[in-house]
Amino acid sequence: MAPEPPLLSMSGITKSFPGVRALDGVDLDVQAGEVHCLLGQNGAGKSTLIKVLAGAHQPDTGTIRWRGEEVVLRSPIAAMRRGIATIYQELDLVEHLSVAENVHLGHEPVGAGFVVRSKAARATTAALLARLGHPEIDPGRLVGELPAAQRQIVSMARALSHDVRLIVMDEPSAALDPDEVDNLFRIVGDLTAAGVAVVYISHRLEEIRRIGDRVTVLKDGRAVARGLPAKSTPTREVVALMTGRDVAYVFPERPAAAPAGEPVLSVRGLAREGEFGALDLDVRPGEIVGLAGLVGSGRSEILETVYGARRPTAGQVRVDGRPLRPGSVRAAVRAGLGLAPEERKAQALLMLESVTRNVSVSSMSRFARGGWIDRAAERGAARAAVRELSLRPDNPDVPVRTLSGGNQQKAVLARWLLRGCRVLLLDEPTRGVDVGARAELYAVVRRLADEGLAVLLVSSEVPEVLGLADRVLVLREGRVVHEAPARELDEHRVLDLVMEGSPAA
Amino acid sequence: MTQHMSPPRDGTGKAPAADGPPAWKGVLARADVRILSLLGVLAVLVLIGGVTKPDEFLDTRNLQLVLTQASVIGVVTVGMTFVIMSGGIDLSVGAIVALASVWATTVATQEYGFLGILFTAVVVGVGCGLVNGVLIAYGAMVPFIATLAMLASARGLALQITDGQTQVVTVSGVLDLGERDAYVLGVPPLVLVFAAVTVIGWLVLNRTTFGRRTVAVGGNAEAARLAGIDVRRQRLYLYLLSGLCCGIAAFLLIVLSGSGQNTNGNLYELDAIAAAIIGGTLLSGGRGTIVGSVLGVLIFTTITNIFALNNLQSDVQQIAKGAIIVAAVLVQRRTASTP
């Protein structure tokens, strides 16, 4: 039998954003009727790749062949017209419209040119929902009233309302109960039996084993393995591909003596309902404590709760033995906490402002008398902090948006350095940071710790946690499942602990 | 966001890596382009005025009149600029001016003389700002809605106080301020107040922690919060500030018209917002200048004056203003480097 040309063939796809190369020559082939799994850690480029496929991003270079013919997907509508539908992780439904209206959004059945034929829309929606095993969802209900799992079904019904040949599902099982996951898999089976291809993204290896046909593994914007057999490739090999790296990161040396002394940060019984359970942890001056876990394990939520940006439902945070007022960022900052958040641009940086102003924003009162800012002193201090972290360019007057990801992160660190903070909370510190710049960032963090800073580090990149931290807490679904000194753990052990159900084969 | 790459005239590209000021010069130069273009528009307007009505437009008294008219709306616009810079909006400024002007000119208030009128105007302005600020900052109301409600209520209250009558001011100290005798080197006192508010506004925005916090809140409220700024308190202060400016403007209007009316300050909110926008203030917050806003006010006032001198109806004026707003925003879209 002559091999058919693949339904979809992406080759040499590159895509750069300011300061980071998200995709670096990725190839992806998908056959009609297969479930093709896309695997990779956070920041590996999965989201960017599917956005290119969905027409939401334009690749810088590379070609997309669809059913043997080269195409340019200029917009999501263009992709949809060709039969490529995407179900995103954050569902893109309009809450104030009904189920039927959402399903038919953008291609409403119309009579007399423009009148929406609501009855027809409801009927086809009901049929689609029945096909998806959820006839109980009323097409007339508002999407905002539905639970998350049912919204997912609506999103899928919308995808199927087009004449679809390929569906991309981005972590579809993340919000689902086991029963609902079974239903999802049944739907996927029906689709592929009908010749539709599914690109399936998940962190959960056992799901990929159950429904996947082939696996493509992304790592640092490259496809490190293409079309592996999903059912027979050993877990070890897949995990190694996800985490093993071409560029060996250089991690700074740990100090010979373990940090002693009283913990500067101690957390007792901290919990937020539905996010993470009773958490205890201590961080001493000079110590880097790492939290390892996958998306949804509650890592960022923990940091933000410690920092007061979210209000805990139980528990206490103490700095130097003194309890912090819960839910108050200002109290935390005053006590000496600093946060370098995961979403730097959205949560930390004033993108329209200079580096100086971004660095000084948390210490303005130090340069002000009666509210009047001594700009020379401010600029000098910002420059000193910028130099100390070897931020490039070392001119603090440039707009912060012109910096690369790694240097933007340094600007955030400089902010807390200037503030004289004593506990640094790092949430995915190398997200969006070029591979080459990471080692430098690691060295900076270690040096700050050596100077007496206590660091609480969160990362989904296991090697990063193991290489940088002194002590590691492994999280799964909001609970600490293991705690050990970093040198006693290795990547595979942590991934086994972190990845639900994957055997330690 | 990612579609727009930084255009080449952006900071680093131009700045040599060496130490010193080139980068801030670049920033300055960029700000200058905007300010210079506004000055250019103003110059063209003056030219048009000078050509069409050479004797009347360039007459000292006419220029004094233009500046005096600009003063009232100008003071309001300075406050509005702060609010918009923080990502908010204040639709109630015109109504607050009306309420403050009638409250300060009731028979009872006038008994307390000059200071009574000034004090009342300012307190009423700040009081309205306080209500706005509390609703928005601590009541989590959308600024548009909260200040729209204030607009309606303050206008209503102003009508109730006056019963639709014009309240003539009899306090001579107030009236004298509007007379030619009170001019300082040919400059009306109202214009001096406007100038002072502008200078103070500029200093506060550019040289104080208050200004920095305003910009931070407007540029990225979440980042400001996580950097330890009390975002809610800052928002409250900003609406207080806008209310204060309205109170001052109300006093200026009392001096100018010698009376208080419930119809005062009609559509000031739109004029102030429009002036700030053509002055380069980003409606989403985080960027703007006091100088730009003030130039915006002067441009609008000059247009009104020229049209009036040429006996053109106000409908034509409105159309011209609308066209200028659109043109200014389009030009800025070109020159501004969108992040």
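The entries below go from the chains down to single residues.

**Ground rules.** I am working with a predicted model, where local features need pLDDT of at least 70, side-chain atom pairs count only at pLDDT 80 or more, and totals for chains, interfaces and linings use all residues. Residues are numbered from 1 along each chain as its sequence is written, while chains are lettered from A and ligands numbered from 1 in the order in which they are written.

**Chain A, domains.** I looked up the division of chain A and found domain 1 (8–243) and domain 2 (265–354 + 421–498); such bounds come from an automatic or database domain assignment. The centres of domain 1 of chain A and domain 2 of chain A, taken over C-alpha atoms, are separated by 32 Å.

**Chain B, overview.** I noted 16 helices and two strands in chain B. Helices here are DSSP runs (H or I, at least four residues), as are strands (E, at least two), numbered from the N terminus. Of the 339 residues in chain B, 50% are buried. A residue is buried if 20 or more other C-beta atoms lie within 10 Å of its own, exposed if 12 or fewer, and partly exposed in between, with C-beta atoms placed from the backbone. I also checked contacts in chain B between residues at least 6 apart in sequence: 78% of them join residues at least 24 apart. Contact means that the C-beta atoms of two residues, placed from the backbone, lie within 7 Å.

**Chain B, record.** The unreviewed UniProt entry lists several spans of chain B as "transmembrane region", among them 91–108, 114–135 and 290–309. UniProt positions are given in the numbering used here, feature names are shortened, and annotations may be inferred rather than shown by experiment. I looked at two of these spans in the model. Residues 114–135 of chain B are 100% helix and 0% strand, with end C-alpha atoms 32 Å apart. Residues 91–108 of chain B are 72% helix and 0% strand, and there the end C-alpha atoms are 29 Å apart.

**Where A meets B.** The contact takes 32 residues from chain A and 27 residues from chain B. On the chain B side, the elements giving two or more residues are α1 (11–14), α2 (22–52), α11 (209–219) and α12 (221–226). Which element gives the most to this side? I found that α11(B) does, with five residues. The chain B side divides into 10 nonpolar, 10 polar and seven charged residues. For these classes, Ala, Val, Leu, Ile, Met, Phe, Trp, Tyr, Cys and Pro count as nonpolar, Asp, Glu, Lys and Arg as charged, and the others, Gly among them, as polar. I then checked burial in α11(B): 11 of its 11 residues are buried, including B:Phe210, B:Arg212 and B:Arg213.

**A helix pair in B.** Helix α5 (residues 93–103) of chain B packs against helix α14 (residues 268–278) of chain B at an angle of about 130 degrees, with the axes 6 Å apart. Axes are lines fitted to C-alpha atoms, for helices over the stretch in contact, and angles run from 0 to 180 degrees between N-to-C directions. α5(B) and α14(B) are therefore oblique to each other; angles under 35 degrees count as roughly parallel, over 145 as roughly antiparallel, 65 to 115 as roughly perpendicular and the rest as oblique. B:Val93, B:Gly94 and B:Val97 in α5(B) meet B:Tyr268, B:Glu269 and B:Ala272 in α14(B). By class, that contact has four nonpolar, one polar and one charged residues.

**B:Ile299.** I placed B:Ile299 in helix α15 (residues 290–309) of chain B. Is B:Ile299 buried or exposed? B:Ile299 counts as buried because it has 24 C-beta neighbours inside 10 Å. Leaving out residues up to four places away in sequence, B:Ile299 touches B:Leu38, B:Val41, B:Leu42, B:Leu45 and B:Ile278.

Most residues other than glycine have a negative phi, and most peptide bonds are trans. I logged these cases:

- The peptide bond from A:Arg392 to A:Pro393 is cis, with omega near -10 degrees, and A:Pro393 is in the loop between α13 and α14 of chain A.
- A:Asp320 is not a glycine, yet has a positive phi of about 55 degrees; A:Asp320 is partly exposed, with 13 other C-beta atoms within 10 Å.
- B:Asn311 has a positive phi near 60 degrees, lies in the loop between α15 and α16 (314–335) of chain B, and counts as exposed with 7 C-beta neighbours inside 10 Å.
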